[in-house]
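Here's a quick tour for anyone meeting this structure for the first time. Take a look at the sequence and the fold, then read on.

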Amino acid sequence: QNLTMAVNLSTGTVLSTAGSRKHRLRVKNAVQVVLVCSQGQKMLKGPEMQSVEVLEATGGQGLSVVVDRQGKIAAVGQNEEVDLLKWKYDEELDAQGMCVMPGLVDAHTHPVWLGDRVHEFAMKLAGATYMDIHATGGGIHFTVDCVRRATFDDLYSSLSQRLWSMLRCGTTLVEAKSGYGLDLENEYKMLRTIEKAKKEHPISVSSTYCGAHAVPKGSTMEEATQNVLDVQIPALQDLCTSGSLSIDNIDVFCERGVFDTDASRRILKAGQDAGWKINFHGDELHSMNSGELAAELGAVAVSHLEEVSSTGVEALAQAGTVAVLLPTTAYILRLRPPPARKMIEKGVAVALGSDFNPNAYCMSMPLVMHLACVTLHMTMPEVLAAATINAAAALGLSEQHGSIEVGKQGDLLVINAPKWEHLIYQFGCHNELIKYVIKAGKVVHS
């Protein structure tokens, strides 16, 4: 039987009317279900970001969300209408007085590394800039040394623990980068670590090759660029073709003193030719015309953008490239925040990421969302869209993730509060607020 859909416009109930009558999970009696969107939108832009869709319980009824045995959402709506289906469930959760929302999406992280940089935080507090530390062999170079010494097992153990921490904070889909190897052997070691997490960890992972994260010690930019183009990308492409590895995205740190715009263009195009989506660092510390470059190359996303030009913002809007903003980074480095309001007003799809890395040690998307409201002047609905459907769009995965819609992945959060806004409003309290984290209809944290 073909999948069909039924929509009851009076109640907002959306049902899958085909398939098995036995399902994996029902969450019932909720006072709110935050759909985010309901018409299959792949992203929300401009004023659309302010208009996230929320179902409210009416007439004393609660609301239900059903996830089928394949981990997909099968029904969303009023309890009584779901009751009429007479479906059976492996598990039922009572969300009385609570709200249900989509799992959060973290669109930018660097989670594979050993060796903390807490000493550098003290240096920054004393006035050292990011590039001051980088120029003395610290920053990325410090972490590269640690990663090169690390074993695969040590890297995976730390990665797995971090992914569990992210999951407990409500993240159900995360982008994960390499970039602390800077040579084929160690970039491959990092990517194998991410690959294992893809297969074994309950969180969903989008993997990014970022071999052009810094110029290795003793090399010039041109030498590093040619190594990425001639050695690393061809070898990694062969590993992907053989099925030994899967890479989703290509990244480069397009920045003065790192990879200039021309080198970045060459690397990104080579990755695109290898079949990877372009999703890169740009315009963080200096204006590098990264917005324009992203539009030129048809990038799916570009991150940071603290120093993006007005022309770059216009280009992103016209190209439909997602702008991934990282409020933790601007906060920790005391940078001018990216122009989120201008981007939204011009029709750019804005997403959020934690930028978790040794420089910006934050795994909590609820904390990122709060910072985006306060430091980027975004509204709570805009921030919700940016941390769900738009963050999924930044990874090319919004057809499966980022909203509560029939047929999409059953990744849910049950919030112990009557309104979803409490997840942002209660600053730093997500451990108490998040009652359940649900991945493909299975409770993975409670």
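In what sense do strands S3 and S8 pair, and over how many bridges? S3 and S8 (residues 88-94) run in the parallel sense, joined over 6 bridges. This is a predicted model, so to speak of local features takes pLDDT of at least 70 and side-chain atom pairs count only at pLDDT 80 or more, while totals for chains, interfaces and linings use all residues. Residues are numbered from 1 along each chain as its sequence is written, and side-chain values use heavy atoms, with hydrogens and water left out.

- Strands here are DSSP E runs of at least two residues, and helices are H or I runs of at least four, numbered from the N terminus.
- Two strands count as paired if DSSP finds at least two bridges between them.
- On the S8 side, Leu25 has Glu91 as its bridge partner.
- S3 also pairs with S6 (residues 63-67), this time in the antiparallel sense over 4 bridges.

**Helices H6 and H7**
- H6 (residues 184-200) packs against H7 (residues 221-242) at an angle of about 40°, their axes 10 Å apart; the axes are lines fitted to C-alpha atoms over the stretch in contact, and angles run from 0 to 180 degrees between N-to-C directions.
- Contact (heavy atoms within 4.5 Å) involves Leu184, Glu187, Tyr188 and Leu191 of H6, plus Val231, Gln232, Ala235, Leu236 and Leu239 of H7.
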